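Today I am opening a new two-chain entry in my notebook.

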Amino acid sequence: PPGPRKSFPVAAVDEILRDVLGSSLREQRYEAERCREMVKDIAEVIKARVKELMVPRYKVVVVTHIGQLNEQSMQIGSRCLWDPASDTFSSYVFKNSSLFALAVVYAVYFE
Amino acid sequence: QMIFNADEAHNIVKECIESILGKADYNHNKVNQWTAAIVEQSLTHLVKLGKTYKYIVTCAVMQRSGAGLHTANSCFWDTTTDGTCTVRWENRTMNCIVNVFAVAILL
């Protein structure tokens, strides 16, 4: 059965996530208003850089979270109904002393 | 042409969250199975709608301690057929955010 001619470059996306989260947040302290804006900007920047990889016939969903590091507990999970032969994801968690950030990129083949 | 019905998805997800978290207090030992159950049940119900979509469902459950959490998404897709909805829910001890992304395929 026909599948994607070019497979999705997960390693390149891992690198994009590490680069964008690290450079945007390294010195950032948690502040509600600033983080509310940054979480959107980061999602847009990641999407733009993944698009630059120009992988044909792939749709891309980027989800970002930024949260304050207190003593609270949390769990973030996801499930996908898709075709594991062609679809994939990449994720990265960033932490400093004040906040944490999670970015996930889902790549879905347009069959 | 198919369009994503966000209200329909919203209702489906809200019921799934209610049935799993409704009467519970935040419990670190259970939260893993709760998030798994919420996403799996949501997916099962979405699939029953019988539409030609691939789905991505994400769920975050957090203990209510006053800490802030922000989430955003950015999608590169076909805006005429594909769509997303976000459901926010809370009770006395926890917050829950579920995102559904529906990506159309050609059959």
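**Ground rules.** I am working with a predicted model, where local features need pLDDT of at least 70, side-chain atom pairs count only at pLDDT 80 or more, and totals for chains, interfaces and linings use all residues.

I started with the lining of the largest cavity, which divides by class into seven nonpolar, one polar and two charged residues. My classes are nonpolar for Ala, Val, Leu, Ile, Met, Phe, Trp, Tyr, Cys and Pro, charged for Asp, Glu, Lys and Arg, and polar for the others, Gly among them. A cavity here is a set of points on a 1 Å grid over the protein atoms alone where a 1.4 Å probe fits but cannot get out; a pocket is an open set with protein on both sides within 12 Å along at least five of seven lines, and lining residues have an atom within 4 Å of a point. I join grid points across faces, edges and corners, and take a volume as the space filled by probe spheres set on the points. The count is one cavity of 30 Å³ or more, and the largest holds about 50 Å³. Among its lining residues I noted B:Ile3, B:Phe4, B:Glu8, B:Lys51 and B:Tyr53. In chain B, α1 (6-21) and β1 (53-63) each give two or more residues to this lining. I take helices (H or I, at least four residues) and strands (E, at least two) as DSSP runs, numbered from the N terminus.

**Chain A, briefly.** I find two helices and four strands in chain A, in the order α-α-β-β-β-β from the N terminus. Its C-alpha trace spans about 50 × 25 × 20 Å along the principal axes.

**Interface.** How many residues of chain B are in contact with chain A? I get 42, against 43 residues of chain A, with contact meaning heavy atoms within 4.5 Å. The two chains bury about 3,400 Å² between them, 59% of it on carbon and sulfur atoms; this is the accessible area (1.4 Å probe) lost on putting the parts together, summed over both. I count four salt bridges between the chains, each a side-chain nitrogen of Lys or Arg within 4 Å of a carboxyl oxygen of Asp or Glu. One of these joins A:Asp87 and B:Lys54 (2.8 Å, N to O). On the chain B side, α2 (31-48), β1, β2 (69-76) and β4 (94-104) each supply at least two residues. β1(B) has the largest share, 10 residues. By class, I see 24 nonpolar, 14 polar and four charged residues on that side.

**Largest pocket.** I get a volume of about 340 Å³. Of its 17 lining residues, B:Leu69, B:His70, B:Thr71, B:Arg88 and B:Ile97 are the closest to the centre. Both chains contribute two or more residues per element: α2 (32-52) from chain A, and β2, β3 (83-90) and β4 from chain B. β2(B) gives the most, five residues. The lining has seven nonpolar, six polar and four charged residues.

**Second largest pocket.** This one comes to about 220 Å³. Of 13 lining residues, A:Leu69, A:Met74, A:Val93, A:Lys95 and A:Phe100 lie closest to the centre. β2 (74-81), β3 (88-95) and β4 (99-109) of chain A each supply at least two. I class the lining as seven nonpolar, five polar and one charged.

Methods. Residues numbered from 1 in each chain as written. Chains lettered and ligands numbered in written order. Heavy atoms only, no water.
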